[in-house]
Amino acid sequence: MSRQHRAGPAIPHRVLILGAGYAGMAAAIQLAARVNGRKDVRVTLVNAQERFTERLRLHMTATGQQLAELSIPELLEDAGAGFVPGWVTAVDADARTVRIDDGRVLTYDTLVYALGSVADTVAVPGVEEHAYTLSSVQDAELLADRLARLHSGTVVVGGSGLTGIESAAEIAERHPELNVVLLGRSEPGATMNPGARAYLRSALGRLGVRVRSEVEVVKVLPDAVELAGGESIAADVVLWTSGTRVSPLAAAAGLTVDERGRIVTDAALRSVSHPEVYAVGDAAAIRQGYGVMHGTCQGGMPTGVHAAVSIVRVLAGKRPGRFRFGYYHTPVSLGRHDAVVQFTRPDDSPRRMYLTGRMAARYKEMVTASPWSTYRRMKKMPASGAFWPRGGRFTRVGGVG
Ligand SMILES: Cc1cc2nc3c(=O)[nH]c(=O)nc-3n(C[C@H](O)[C@H](O)[C@H](O)COP(=O)(O)OP(=O)(O)OC[C@H]3O[C@@H](n4cnc5c(N)ncnc54)[C@H](O)[C@@H]3O)c2cc1C
């Protein structure tokens with residue numbers, strides 16, 4: 001029941017959104033646009049930084065490229081949502097409070113939890129101490145600084161997933177003086193169709209990236225990485241991109257989480273243990289017909305929009321709708337002028353169609369640039385943010401799965 005119902009219409013219903021990444025921003029803007037001007041709802045967004053982190057471009061930051069200054073408070077200014085800069089240190093899901101690192105305690109009636117994820121630096125010994133990551137702008141800038149001072153030597157990229165591929169390619173293109181080695185359990189682009197995978201492999205070769213697949217990194221040392229089997233590869237710099245982990249705050253708050261610490265949601269994206277908490281983006285374990293969604297921007301933004309629309313429905317005494325999402329592409333940049341875009345079925349399996357080369361690079365850039373312009377558009381036309389593929393039979397109840 002909303003606080004409005006308990007205490008009368010004079011007291012606004014307080015919606016607190018934690019995290020202004022791709023999903024949290026989508027939730028904040030969508031909700032603010034839908035309740036702007038209403039006195040009975042107050043929307044507040046909390047985030048560690050005032051500047052929006054374009055996580056999709058952190059491999060560019062890591063190679064010294066300047067990104068646009070995207071100010072969260074500026075975007076929210078006329079949107080009807082408040083902004084609190086600060087680091088969330090605790091959530092009390094029973095008392096409905098959130099503690100910020102400056103000592104402030106914020107209260108809520110509805111919470112949207114969107115704290116995202118970071119690189120997994122704990123699964124492999126030595127990563128935390130000796131490897132760089134792309135978890136934040138600061139991390140990426142540290143790497144950029146190191147690479148700029150390294151005039152020769154070897155950069156090992158651990159993890160051959162999409163972030164590892166994009167990073168290895170970007171570093172090789174920007175720093176041709178360095179040897180770049182990409183290590184992973186599977187072949188780069190393993191989930192793509194054979195043509196796209198072959199293109200990706202030859203593009204990495206053209207950039208001078210040495211690929212070692214089917215290897216397991218078991219330890220990161222100050223000047224090398226150690227593989228299962230005992231081989232070690234000398235490394236002046238190690239960038240770790242393998243796996244992600246989420247903040248322990250949700251589990252500590254007593255919210256039901258999965259084995260990776262992500263908040264388990266019902267079909268409407270509410271916490272199964274605390275329905276006044278919505279979980280979105282990488283921090284949520286959201287089940288669809290094809291399985292639990294994996295962290296992406298393409299799926300994260302729709303979760304934020306859906307949570308906002310659901311909150312408005314619940315405030316109006318209606319039931320929130322079921323969230324449905326189907327993947328449609330896997331775009332991978334290969335430096336600034338090349339890319340592969342694998343089109344996918346809703347369950348993320350590859351279709352036959354893919355793009356390569358400059359056209360793919362332009363497509364990828366369009367995708368990467370689109371969130372901020374989407375937020376701007378949503379401020380005026382919230383409904384414009386509600387278009388995404390619902391996944392058809394792949395996400396229909398009783399469908400394929
Ligand atoms: C280099 C790179 C390239 C990628 N490329 C793609 C791609 O091409 N396509 C794609 O779909 N996905 C891509 N991803 C994945 C994508 O970035 C994530 O899935 C997406 O960012 C998740 O969005 P989110 O809103 O859940 O979390 P995030 O974007 O991580 O946002 C979380 C926000 O919460 C803040 N925060 C976290 N903890 C706290 C705290 N305790 N207190 C206050 N604030 C906090 C963070 O500072 C951040 O602003 C890429 C990731 C990387 C690293």
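Before I show you anything, let me say that helices (H or I, at least four residues) and strands (E, at least two) are DSSP runs, and that they are numbered from the N terminus.

What we have here is a predicted model, in which local features need pLDDT of at least 70 and side-chain atom pairs count only at pLDDT 80 or more, while totals for chains, interfaces and linings use all residues. Residues are numbered from 1 along each chain as its sequence is written.

Taken along the principal axes, the C-alpha atoms fill a box of roughly 65 × 45 × 40 Å.

Of the 401 residues, 47% count as buried. Two residues are in contact if their C-beta atoms, placed from the backbone, lie within 7 Å. Among the contacts with a separation of 6 or more, 65% are between residues 24 or more positions apart.

Now to the domains, whose bounds come from an automatic or database domain assignment. That assignment gives domain 1 (3-117 + 246-327) and domain 2 (127-244). Where the two are in contact, eleven residues come from domain 1 and 15 residues from domain 2. For residue classes, Ala, Val, Leu, Ile, Met, Phe, Trp, Tyr, Cys and Pro count as nonpolar, Asp, Glu, Lys and Arg as charged, and the others, Gly among them, as polar. On that scheme, the side of domain 1 that touches domain 2 has three nonpolar, seven polar and one charged residues. The centres of domain 1 and domain 2, taken over C-alpha atoms, are separated by 32 Å.

There is also a UniProt record, an unreviewed entry, which lists residues 14-292 for "domain: FAD/NAD(P)-binding". UniProt positions are given in the numbering used here, feature names are shortened, and annotations may be inferred rather than shown by experiment. In the model, the end C-alpha atoms of residues 14-292 lie 30 Å apart, and the span is 25% helix and 28% strand.

Which of the 34 residues around the ligand come nearest? They are Gly19, Gly21, Gly116, Gly281 and Thr296. The elements that give two or more residues to this shell are helix H2 (22-35), strand E2 (41-47), helix H3 (58-61), helix H7 (162-174) and helix H10 (297-315). By class, the shell has 15 nonpolar, 16 polar and three charged residues, and it draws at least three residues from each of domain 1 and domain 2.

Helix H2 also holds valine 35, which is buried because 23 other C-beta atoms lie within 10 Å. Leaving aside residues up to four places away in sequence, valine 35 touches Val41, Val43, Gly80 and Val312.

As promised, I return to the loops. Most residues other than glycine have a negative phi. Aspartate 348, however, has a positive phi near 80 degrees, and this residue is buried, with 21 other C-beta atoms within 10 Å. Glutamate 214 has a positive phi as well, of about 55 degrees, and is found in the loop between strand E11 (209-212) and strand E12 (217-221). Is glutamate 214 buried or exposed? It is exposed, because 10 other C-beta atoms lie within 10 Å.

Finally, threonine 344 is in strand E23, and with 21 C-beta neighbours inside 10 Å it counts as buried. Not counting residues up to four places away in sequence, threonine 344 touches Tyr327, Tyr328, His329, Thr330, Ser349, Pro350 and Arg351.

Conventions. A residue is near a molecule or strand if its C-beta atom, placed from the backbone, lies within 6 Å of it. A residue is buried if 20 or more other C-beta atoms lie within 10 Å of its own, exposed if 12 or fewer, and partly exposed in between; C-beta atoms are placed from the backbone.
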